Amino acid sequence: MPLLIKNGHIVTASDAWDADIYCADESVTRIERSIDVRSLPANTETIDASGKLVFPGFIDPHVHVYLPFMGTFAKDTWASASEAALLGGTTTLIEMICPGRSEEPLEAFETWLGKARDVASCDYSFHMGVTRYDESAEKQLREIVRRGITSFKVFLAYKGALGVDDTELFRTLRLAKELGVVVTAHCENETLVAERQAELIAAGKTGPEWHEPSRPVEVEAEGVHHLMTFAHLTGAEVYVVHTSCNEAMREALTARARGVRVWIETVAPHLVLDRTFAERPDFEGAKYVMSPPLRAKRHQDSLWSALQARLIDTIATDHAPFDFEAQKSMGCDAFTKIPNGIPSVEHRVDLLHTFGVATGRIDLHTLVDCASTKAARIFGLTNKGTIAVGKDADLVVYDPNSRWTISAKTHRMATDYSAFEGWEMRGRSSAVTLRGRVMVRDGKLVGERGQGRLIERRVAKVS
Ligand code: URP
Ligand code: ZN
Ligand code: ZN
(Lines give C-alpha, C1' and ligand atoms only; values in the text may rest on other atoms or scores of the structure.)
(Ligands and ions follow the chains in the order given, each with its own letter.)
Protein backbone atom coordinates (compact mmCIF):
# COMPACT_ATOMS: atom_id res chain seq x y z
CA MET A 1 0.00 0.00 0.00
CA PRO A 2 1.40 3.46 -0.86
CA LEU A 3 2.33 5.61 2.12
CA LEU A 4 2.45 9.34 2.74
CA ILE A 5 4.26 10.85 5.72
CA LYS A 6 2.99 14.41 6.02
CA ASN A 7 4.29 17.54 7.72
CA GLY A 8 7.43 16.02 9.21
CA HIS A 9 10.80 17.61 9.86
CA ILE A 10 13.28 15.39 8.01
CA VAL A 11 16.71 14.92 9.60
CA THR A 12 19.60 13.20 7.82
CA ALA A 13 23.30 13.03 8.65
CA SER A 14 23.88 16.36 6.94
CA ASP A 15 20.56 18.19 6.41
CA ALA A 16 17.23 19.04 7.97
CA TRP A 17 14.12 20.37 6.25
CA ASP A 18 10.32 20.29 6.35
CA ALA A 19 8.77 18.05 3.71
CA ASP A 20 6.27 15.31 2.91
CA ILE A 21 7.56 11.87 1.91
CA TYR A 22 5.70 9.57 -0.46
CA CYS A 23 6.62 5.88 -0.63
CA ALA A 24 5.59 3.26 -3.17
CA ASP A 25 6.90 -0.19 -4.08
CA GLU A 26 9.11 -0.30 -0.96
CA SER A 27 11.03 2.89 -1.82
CA VAL A 28 10.84 6.61 -1.24
CA THR A 29 9.58 8.00 -4.56
CA ARG A 30 8.82 11.68 -3.78
CA ILE A 31 10.06 14.21 -1.25
CA GLU A 32 8.37 17.58 -1.64
CA ARG A 33 7.48 20.56 0.53
CA SER A 34 3.81 19.71 0.25
CA ILE A 35 2.34 16.71 -1.57
CA ASP A 36 -1.32 17.10 -2.53
CA VAL A 37 -3.11 13.97 -1.30
CA ARG A 38 -5.54 14.30 -4.20
CA SER A 39 -2.66 13.45 -6.55
CA LEU A 40 -2.13 10.08 -4.82
CA PRO A 41 -3.84 6.68 -5.19
CA ALA A 42 -7.02 6.36 -3.13
CA ASN A 43 -5.56 3.54 -1.03
CA THR A 44 -2.61 5.65 0.22
CA GLU A 45 -2.03 5.28 3.96
CA THR A 46 -1.14 8.54 5.73
CA ILE A 47 0.89 9.27 8.83
CA ASP A 48 0.70 12.78 10.23
CA ALA A 49 4.19 13.73 11.43
CA SER A 50 3.32 17.28 12.58
CA GLY A 51 5.65 18.35 15.37
CA LYS A 52 7.79 15.25 14.87
CA LEU A 53 11.16 14.41 13.39
CA VAL A 54 11.57 11.98 10.51
CA PHE A 55 14.77 9.94 10.55
CA PRO A 56 16.05 7.23 8.21
CA GLY A 57 15.53 3.79 9.74
CA PHE A 58 18.29 3.16 12.26
CA ILE A 59 20.84 0.40 11.73
CA ASP A 60 22.40 -1.58 14.54
CA PRO A 61 25.58 -3.10 13.08
CA HIS A 62 26.48 -5.26 16.09
CA VAL A 63 23.94 -7.54 17.74
CA HIS A 64 23.77 -11.11 19.00
CA VAL A 65 20.44 -12.91 18.78
CA TYR A 66 21.27 -16.59 18.38
CA LEU A 67 24.38 -16.97 20.51
CA PRO A 68 25.66 -20.16 22.08
CA PHE A 69 28.07 -18.64 24.61
CA MET A 70 29.64 -19.41 27.98
CA GLY A 71 27.63 -22.59 28.48
CA THR A 72 24.22 -21.12 27.59
CA PHE A 73 22.27 -19.43 24.79
CA ALA A 74 21.31 -15.79 24.45
CA LYS A 75 17.68 -15.34 25.36
CA ASP A 76 16.09 -13.61 22.38
CA THR A 77 14.65 -15.17 19.26
CA TRP A 78 14.64 -13.30 15.97
CA ALA A 79 10.94 -12.60 16.59
CA SER A 80 11.56 -10.86 19.91
CA ALA A 81 14.81 -9.12 18.93
CA SER A 82 13.54 -7.78 15.62
CA GLU A 83 10.29 -6.55 17.11
CA ALA A 84 12.18 -4.91 19.97
CA ALA A 85 14.45 -3.28 17.38
CA LEU A 86 11.49 -1.91 15.41
CA LEU A 87 9.82 -0.52 18.54
CA GLY A 88 13.06 1.36 19.17
CA GLY A 89 13.34 2.72 15.61
CA THR A 90 15.91 0.22 14.34
CA THR A 91 14.94 -1.26 10.98
CA THR A 92 18.10 -3.22 10.13
CA LEU A 93 20.23 -5.46 12.32
CA ILE A 94 23.62 -6.98 11.53
CA GLU A 95 24.16 -10.06 13.65
CA MET A 96 27.47 -11.73 14.48
CA ILE A 97 27.64 -15.36 13.38
CA CYS A 98 29.70 -17.01 16.11
CA PRO A 99 30.47 -20.66 15.25
CA GLY A 100 32.45 -22.93 17.53
CA ARG A 101 35.96 -23.78 16.29
CA SER A 102 34.90 -27.21 15.11
CA GLU A 103 31.85 -25.96 13.20
CA GLU A 104 32.00 -25.51 9.43
CA PRO A 105 31.50 -21.87 8.39
CA LEU A 106 28.89 -22.64 5.72
CA GLU A 107 26.87 -24.77 8.12
CA ALA A 108 27.04 -22.00 10.69
CA PHE A 109 25.92 -19.47 8.10
CA GLU A 110 22.89 -21.66 7.29
CA THR A 111 22.13 -22.15 10.98
CA TRP A 112 22.19 -18.44 11.76
CA LEU A 113 20.26 -17.57 8.60
CA GLY A 114 17.65 -20.21 9.48
CA LYS A 115 17.00 -18.52 12.83
CA ALA A 116 16.13 -15.22 11.13
CA ARG A 117 14.50 -16.33 7.88
CA ASP A 118 10.67 -15.98 7.90
CA VAL A 119 10.81 -14.88 11.55
CA ALA A 120 12.58 -11.52 11.50
CA SER A 121 10.32 -8.49 11.33
CA CYS A 122 13.15 -6.10 10.43
CA ASP A 123 15.78 -6.39 7.69
CA TYR A 124 19.05 -8.05 8.54
CA SER A 125 22.51 -9.15 7.51
CA PHE A 126 25.42 -10.89 9.22
CA HIS A 127 29.10 -10.52 9.96
CA MET A 128 30.70 -13.93 9.38
CA GLY A 129 32.62 -14.97 12.48
CA VAL A 130 36.00 -16.50 11.69
CA THR A 131 36.81 -18.69 14.66
CA ARG A 132 39.11 -21.11 12.80
CA TYR A 133 41.20 -20.48 9.71
CA ASP A 134 42.39 -23.34 7.54
CA GLU A 135 42.14 -24.25 3.86
CA SER A 136 38.61 -25.59 4.13
CA ALA A 137 37.38 -22.61 6.18
CA GLU A 138 38.94 -20.24 3.62
CA LYS A 139 37.05 -21.86 0.73
CA GLN A 140 33.79 -21.56 2.65
CA LEU A 141 34.45 -17.94 3.60
CA ARG A 142 34.89 -17.09 -0.09
CA GLU A 143 31.51 -18.68 -0.81
CA ILE A 144 29.83 -16.82 2.07
CA VAL A 145 31.15 -13.50 0.71
CA ARG A 146 29.74 -14.46 -2.71
CA ARG A 147 26.37 -14.87 -0.97
CA GLY A 148 26.38 -11.22 0.11
CA ILE A 149 27.99 -11.37 3.55
CA THR A 150 30.78 -8.87 3.01
CA SER A 151 32.25 -8.58 6.49
CA PHE A 152 34.05 -10.90 8.88
CA LYS A 153 34.24 -10.93 12.67
CA VAL A 154 37.25 -12.00 14.70
CA PHE A 155 37.68 -12.23 18.45
CA LEU A 156 41.05 -11.45 19.97
CA ALA A 157 39.49 -12.45 23.29
CA TYR A 158 37.67 -15.53 24.66
CA LYS A 159 40.66 -17.83 24.77
CA GLY A 160 39.84 -21.44 23.88
CA ALA A 161 36.34 -20.54 22.64
CA LEU A 162 35.76 -17.99 19.88
CA GLY A 163 39.25 -16.45 19.80
CA VAL A 164 41.70 -16.84 16.89
CA ASP A 165 45.49 -17.05 17.13
CA ASP A 166 47.83 -14.64 15.36
CA THR A 167 48.39 -16.85 12.32
CA GLU A 168 44.63 -17.12 11.86
CA LEU A 169 44.24 -13.38 12.36
CA PHE A 170 46.91 -12.63 9.75
CA ARG A 171 45.38 -14.99 7.19
CA THR A 172 41.86 -13.71 7.79
CA LEU A 173 43.01 -10.15 7.21
CA ARG A 174 44.96 -11.16 4.10
CA LEU A 175 41.86 -12.84 2.68
CA ALA A 176 39.71 -9.84 3.58
CA LYS A 177 42.12 -7.52 1.79
CA GLU A 178 42.01 -9.73 -1.30
CA LEU A 179 38.19 -9.85 -1.30
CA GLY A 180 37.73 -6.21 -0.27
CA VAL A 181 35.66 -7.05 2.81
CA VAL A 182 35.76 -5.40 6.23
CA VAL A 183 36.99 -7.30 9.30
CA THR A 184 35.20 -6.38 12.52
CA ALA A 185 37.17 -7.24 15.65
CA HIS A 186 36.69 -7.67 19.38
CA CYS A 187 39.98 -6.34 20.73
CA GLU A 188 41.26 -7.50 24.11
CA ASN A 189 44.50 -9.32 24.88
CA GLU A 190 43.19 -12.74 25.79
CA THR A 191 46.34 -13.91 27.59
CA LEU A 192 46.27 -10.93 29.93
CA VAL A 193 42.57 -11.52 30.60
CA ALA A 194 43.09 -15.22 31.39
CA GLU A 195 46.06 -14.55 33.71
CA ARG A 196 44.36 -11.73 35.58
CA GLN A 197 41.12 -13.72 35.95
CA ALA A 198 43.06 -16.63 37.47
CA GLU A 199 44.88 -14.33 39.92
CA LEU A 200 41.69 -12.59 41.06
CA ILE A 201 39.72 -15.82 41.54
CA ALA A 202 42.64 -17.38 43.46
CA ALA A 203 42.59 -14.35 45.75
CA GLY A 204 38.89 -14.90 46.47
CA LYS A 205 37.84 -11.90 44.38
CA THR A 206 34.88 -13.61 42.75
CA GLY A 207 32.06 -11.02 42.51
CA PRO A 208 30.94 -9.15 39.36
CA GLU A 209 32.78 -6.04 40.56
CA TRP A 210 36.05 -7.84 39.68
CA HIS A 211 35.13 -8.26 36.03
CA GLU A 212 36.45 -4.80 35.10
CA PRO A 213 39.74 -5.17 36.97
CA SER A 214 40.26 -8.47 35.15
CA ARG A 215 40.23 -6.66 31.81
CA PRO A 216 41.38 -3.06 32.45
CA VAL A 217 41.74 -0.40 29.75
CA GLU A 218 45.33 -1.48 28.96
CA VAL A 219 44.07 -4.92 27.97
CA GLU A 220 41.67 -3.40 25.45
CA ALA A 221 44.18 -0.81 24.21
CA GLU A 222 46.74 -3.57 23.66
CA GLY A 223 44.15 -5.55 21.70
CA VAL A 224 43.44 -2.57 19.45
CA HIS A 225 47.17 -1.88 19.01
CA HIS A 226 47.66 -5.52 18.04
CA LEU A 227 44.91 -5.38 15.44
CA MET A 228 46.28 -2.09 14.08
CA THR A 229 49.70 -3.67 13.51
CA PHE A 230 48.16 -6.58 11.60
CA ALA A 231 45.88 -4.25 9.61
CA HIS A 232 48.83 -2.04 8.72
CA LEU A 233 50.92 -4.95 7.46
CA THR A 234 48.11 -6.59 5.49
CA GLY A 235 46.39 -3.42 4.25
CA ALA A 236 43.02 -4.85 5.33
CA GLU A 237 40.10 -2.61 6.29
CA VAL A 238 39.16 -3.16 9.93
CA TYR A 239 36.39 -2.10 12.28
CA VAL A 240 36.95 -2.06 16.05
CA VAL A 241 33.74 -3.10 17.81
CA HIS A 242 32.50 -1.88 21.22
CA THR A 243 35.30 0.62 21.96
CA SER A 244 34.83 1.37 25.64
CA CYS A 245 37.64 3.68 26.68
CA ASN A 246 39.84 6.59 25.74
CA GLU A 247 43.02 4.48 25.62
CA ALA A 248 41.61 2.00 23.08
CA MET A 249 40.14 4.79 20.97
CA ARG A 250 43.52 6.60 20.91
CA GLU A 251 45.23 3.46 19.59
CA ALA A 252 42.78 3.31 16.70
CA LEU A 253 43.00 7.04 15.99
CA THR A 254 46.82 6.98 16.03
CA ALA A 255 46.77 4.11 13.55
CA ARG A 256 44.23 5.92 11.39
CA ALA A 257 46.54 8.96 11.34
CA ARG A 258 49.31 6.81 9.89
CA GLY A 259 47.08 5.40 7.18
CA VAL A 260 45.52 2.27 8.68
CA ARG A 261 42.00 1.83 7.31
CA VAL A 262 40.09 1.57 10.58
CA TRP A 263 36.51 2.32 11.61
CA ILE A 264 35.58 2.77 15.25
CA GLU A 265 32.37 1.61 16.92
CA THR A 266 31.18 2.33 20.41
CA VAL A 267 28.01 0.91 21.95
CA ALA A 268 25.10 2.39 23.88
CA PRO A 269 25.91 0.63 27.19
CA HIS A 270 29.41 2.16 27.28
CA LEU A 271 27.98 5.63 26.67
CA VAL A 272 25.41 5.60 29.47
CA LEU A 273 26.51 3.03 32.05
CA ASP A 274 29.73 3.06 34.09
CA ARG A 275 31.58 0.52 36.20
CA THR A 276 29.73 1.39 39.40
CA PHE A 277 26.70 -0.46 37.99
CA ALA A 278 28.73 -3.70 38.00
CA GLU A 279 29.63 -2.96 41.63
CA ARG A 280 26.01 -3.09 42.80
CA PRO A 281 25.52 -5.34 45.84
CA ASP A 282 23.81 -8.73 46.13
CA PHE A 283 25.10 -9.89 42.75
CA GLU A 284 22.95 -7.28 40.94
CA GLY A 285 26.19 -6.12 39.31
CA ALA A 286 26.03 -9.27 37.14
CA LYS A 287 23.33 -7.58 35.07
CA TYR A 288 26.04 -5.18 33.93
CA VAL A 289 28.81 -7.65 33.04
CA MET A 290 29.85 -7.34 29.42
CA SER A 291 33.19 -7.29 27.60
CA PRO A 292 34.96 -4.97 27.28
CA PRO A 293 33.61 -4.04 30.71
CA LEU A 294 31.79 -0.90 31.77
CA ARG A 295 34.44 1.71 32.58
CA ALA A 296 35.03 4.66 34.89
CA LYS A 297 32.68 7.54 34.07
CA ARG A 298 35.43 9.76 32.61
CA HIS A 299 35.57 7.56 29.51
CA GLN A 300 32.02 8.49 28.60
CA ASP A 301 33.03 12.13 28.09
CA SER A 302 35.80 11.07 25.70
CA LEU A 303 33.43 8.83 23.75
CA TRP A 304 30.68 11.46 23.44
CA SER A 305 33.19 14.13 22.33
CA ALA A 306 34.69 11.80 19.76
CA LEU A 307 31.23 11.06 18.42
CA GLN A 308 30.37 14.73 18.00
CA ALA A 309 33.73 15.19 16.23
CA ARG A 310 32.83 12.14 14.08
CA LEU A 311 36.08 10.44 15.12
CA ILE A 312 34.00 7.48 16.27
CA ASP A 313 32.02 6.25 13.29
CA THR A 314 29.16 4.17 14.62
CA ILE A 315 27.05 3.48 17.69
CA ALA A 316 25.75 -0.08 17.99
CA THR A 317 24.43 -1.97 21.01
CA ASP A 318 26.30 -5.28 21.16
CA HIS A 319 22.89 -6.56 22.25
CA ALA A 320 23.64 -9.86 24.03
CA PRO A 321 20.63 -10.84 26.13
CA PHE A 322 20.91 -13.22 29.10
CA ASP A 323 18.37 -13.57 31.91
CA PHE A 324 19.40 -12.47 35.37
CA GLU A 325 17.72 -15.28 37.32
CA ALA A 326 18.69 -18.37 35.36
CA GLN A 327 21.71 -17.27 33.34
CA LYS A 328 23.72 -14.46 34.95
CA SER A 329 23.41 -16.51 38.15
CA MET A 330 25.65 -19.19 36.59
CA GLY A 331 28.48 -16.93 37.76
CA CYS A 332 27.38 -16.49 41.37
CA ASP A 333 30.57 -18.14 42.67
CA ALA A 334 32.94 -16.70 40.02
CA PHE A 335 32.53 -13.63 37.80
CA THR A 336 34.33 -15.51 35.01
CA LYS A 337 31.21 -17.66 34.57
CA ILE A 338 28.71 -14.80 34.23
CA PRO A 339 27.47 -14.81 30.61
CA ASN A 340 28.78 -11.55 29.14
CA GLY A 341 26.29 -9.16 27.62
CA ILE A 342 23.70 -6.43 28.17
CA PRO A 343 20.32 -6.42 26.40
CA SER A 344 19.82 -3.06 24.69
CA VAL A 345 18.61 -3.39 21.08
CA GLU A 346 15.26 -1.84 21.96
CA HIS A 347 16.52 1.33 23.62
CA ARG A 348 19.62 2.49 21.74
CA VAL A 349 18.02 5.38 19.87
CA ASP A 350 16.08 6.65 22.88
CA LEU A 351 19.15 6.43 25.12
CA LEU A 352 21.16 8.38 22.53
CA HIS A 353 18.43 10.96 22.20
CA THR A 354 17.99 11.30 25.96
CA PHE A 355 21.65 11.33 27.02
CA GLY A 356 23.23 12.62 23.80
CA VAL A 357 20.91 15.00 21.96
CA ALA A 358 18.78 16.30 24.85
CA THR A 359 21.89 17.09 26.90
CA GLY A 360 23.66 18.78 23.97
CA ARG A 361 26.50 16.23 23.77
CA ILE A 362 25.69 15.38 20.17
CA ASP A 363 23.43 16.98 17.58
CA LEU A 364 20.67 15.25 15.65
CA HIS A 365 22.82 14.87 12.52
CA THR A 366 25.48 13.04 14.50
CA LEU A 367 22.81 10.76 15.93
CA VAL A 368 21.63 9.86 12.43
CA ASP A 369 25.15 9.52 11.05
CA CYS A 370 26.48 7.29 13.83
CA ALA A 371 23.35 5.20 14.35
CA SER A 372 22.41 4.73 10.70
CA THR A 373 24.18 6.42 7.78
CA LYS A 374 27.77 5.46 8.49
CA ALA A 375 26.95 1.81 9.16
CA ALA A 376 25.11 1.66 5.81
CA ARG A 377 28.17 3.06 4.05
CA ILE A 378 30.79 0.98 5.82
CA PHE A 379 28.90 -2.29 5.41
CA GLY A 380 27.47 -1.78 1.93
CA LEU A 381 23.77 -1.40 2.80
CA THR A 382 23.45 0.79 -0.24
CA ASN A 383 19.66 1.31 -0.14
CA LYS A 384 19.60 2.23 3.51
CA GLY A 385 20.96 4.83 5.95
CA THR A 386 19.44 8.02 4.58
CA ILE A 387 16.24 9.58 3.27
CA ALA A 388 16.35 10.16 -0.47
CA VAL A 389 14.33 9.29 -3.55
CA GLY A 390 15.16 5.71 -4.57
CA LYS A 391 16.24 4.55 -1.09
CA ASP A 392 14.32 1.94 0.90
CA ALA A 393 11.36 3.49 2.68
CA ASP A 394 12.72 2.65 6.14
CA LEU A 395 11.56 5.66 8.15
CA VAL A 396 11.19 6.63 11.78
CA VAL A 397 8.69 9.28 12.85
CA TYR A 398 10.13 10.38 16.16
CA ASP A 399 8.47 12.35 18.93
CA PRO A 400 11.26 14.25 20.71
CA ASN A 401 8.85 15.45 23.39
CA SER A 402 7.62 12.04 24.52
CA ARG A 403 8.38 11.20 28.16
CA TRP A 404 8.28 7.58 29.23
CA THR A 405 10.01 5.07 31.50
CA ILE A 406 11.92 1.90 30.58
CA SER A 407 10.90 -1.29 32.35
CA ALA A 408 11.41 -5.01 31.86
CA LYS A 409 7.68 -5.35 32.52
CA THR A 410 6.90 -3.57 29.28
CA HIS A 411 9.90 -4.16 27.02
CA ARG A 412 9.72 -6.56 24.07
CA MET A 413 13.17 -8.09 24.57
CA ALA A 414 13.00 -11.57 26.05
CA THR A 415 15.14 -10.92 29.12
CA ASP A 416 13.79 -10.84 32.67
CA TYR A 417 15.55 -7.58 33.47
CA SER A 418 16.46 -4.24 31.92
CA ALA A 419 19.82 -2.61 32.56
CA PHE A 420 17.94 0.70 32.39
CA GLU A 421 15.02 -0.17 34.70
CA GLY A 422 13.13 2.94 35.80
CA TRP A 423 15.07 5.33 33.60
CA GLU A 424 13.03 8.21 32.25
CA MET A 425 13.45 8.69 28.51
CA ARG A 426 13.09 11.84 26.48
CA GLY A 427 11.87 10.95 23.01
CA ARG A 428 10.35 7.87 21.40
CA SER A 429 9.58 6.45 17.96
CA SER A 430 5.90 6.92 17.25
CA ALA A 431 5.83 5.32 13.79
CA VAL A 432 8.34 3.05 12.07
CA THR A 433 8.19 1.82 8.49
CA LEU A 434 10.10 -1.00 6.85
CA ARG A 435 10.33 -0.69 3.09
CA GLY A 436 7.12 1.34 3.15
CA ARG A 437 5.13 -0.99 5.44
CA VAL A 438 4.00 0.55 8.71
CA MET A 439 5.43 -1.73 11.42
CA VAL A 440 4.95 0.54 14.45
CA ARG A 441 2.15 3.05 14.90
CA ASP A 442 1.57 5.14 18.03
CA GLY A 443 4.42 3.24 19.64
CA LYS A 444 2.75 -0.17 19.10
CA LEU A 445 3.67 -3.04 16.78
CA VAL A 446 1.09 -3.19 14.01
CA GLY A 447 2.76 -4.64 10.92
CA GLU A 448 2.61 -8.18 9.63
CA ARG A 449 5.35 -10.11 11.44
CA GLY A 450 8.19 -11.96 9.74
CA GLN A 451 8.53 -9.59 6.78
CA GLY A 452 12.23 -8.87 7.37
CA ARG A 453 14.60 -9.65 4.52
CA LEU A 454 18.22 -10.72 4.29
CA ILE A 455 20.00 -7.83 2.62
CA GLU A 456 22.65 -9.21 0.32
CA ARG A 457 25.57 -6.84 0.41
CA ARG A 458 28.26 -6.19 -2.14
CA VAL A 459 31.73 -5.02 -1.31
CA ALA A 460 31.43 -1.48 0.01
CA LYS A 461 33.56 1.38 -1.17
CA VAL A 462 33.78 4.12 1.42
CA SER A 463 35.97 7.18 1.24
O1 URP B 1 29.88 -8.93 26.54
C2 URP B 1 29.67 -9.09 25.35
N3 URP B 1 30.13 -8.17 24.56
N4 URP B 1 29.01 -10.17 24.92
C5 URP B 1 28.75 -10.57 23.61
C6 URP B 1 29.94 -11.15 22.92
C7 URP B 1 30.88 -10.08 22.46
O8 URP B 1 32.02 -10.04 22.91
O9 URP B 1 30.52 -9.24 21.63
ZN1 ZN C 1 32.79 -8.59 21.62
ZN1 ZN D 1 29.34 -8.56 20.38
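Visitor: What makes helix α8 and helix α10 a pair whose axes cross?

Guide: In this predicted model, the axes of α8 (residues 246-257) and α10 (residues 298-308) come within 9 Å, and they cross at roughly 35 degrees.

Visitor: How do you know that α8 meets α10, and which residues are involved?

Guide: Contact requires heavy atoms within 4.5 Å. Asn246, Glu247 and Met249 in α8 meet Arg298, His299, Ser302, Leu303 and Ala306 in α10, so these residues count as being in contact. By class, three are nonpolar, three polar and two charged.

Visitor: Why is the set that includes Phe55 and Leu273 called a nonpolar core?

Guide: The term applies to buried residues of kinds such as Phe, Met and Leu, joined through side-chain atoms within 4.5 Å. The largest such core has 132 residues, and those with the most contacts inside it are Phe55, Phe126, Met128, Phe152, Leu227, Met228 and Leu273. Helix α12 (residues 364-378) gives the most to this core, with seven residues. Apart from it lies another core, of 16 residues, including Leu3 and Val438.

Visitor: With which residues is methionine 228 in contact, leaving aside its neighbours within four places in sequence?

Guide: Methionine 228 is in contact with Val238, Val240, Glu251, Ala252, Ala255, Arg258, Val260 and Val262.

Visitor: What makes a residue part of the lining of the largest pocket?

Guide: A lining residue has an atom within 4 Å of a pocket point. The lining has 20 residues, among them Phe69, Met70, Tyr158, Lys159 and Ala161, which lie nearest the centre. α5 gives the most to this lining, with four residues. The lining divides into eleven nonpolar, six polar and three charged residues, and the pocket holds about 360 Å³ of space.

Notes:
Residues are numbered from 1 along each chain as its sequence is written. Chains are lettered from A and ligands numbered from 1 in the order in which they are written. This is a predicted model: local features need pLDDT of at least 70, side-chain atom pairs count only at pLDDT 80 or more; totals for chains, interfaces and linings use all residues. Side-chain values use heavy atoms; hydrogens and water are left out. Buried means under 20% relative accessible area, exposed over 50%, partly exposed in between (1.4 Å probe, protein chains only). Helices (H or I, at least four residues) and strands (E, at least two) are DSSP runs, numbered from the N terminus. Axes are lines fitted to C-alpha atoms, for helices over the stretch in contact, and angles run from 0 to 180 degrees between N-to-C directions. Ala, Val, Leu, Ile, Met, Phe, Trp, Tyr, Cys and Pro count as nonpolar, Asp, Glu, Lys and Arg as charged, and the others, Gly among them, as polar. On a 1 Å grid over the protein atoms alone, a cavity is a set of points where a 1.4 Å probe fits but cannot get out, and a pocket is an open set with protein on both sides within 12 Å along at least five of seven lines; lining residues have an atom within 4 Å of a point. Grid points are joined across faces, edges and corners, and a volume is the space filled by probe spheres set on the points.
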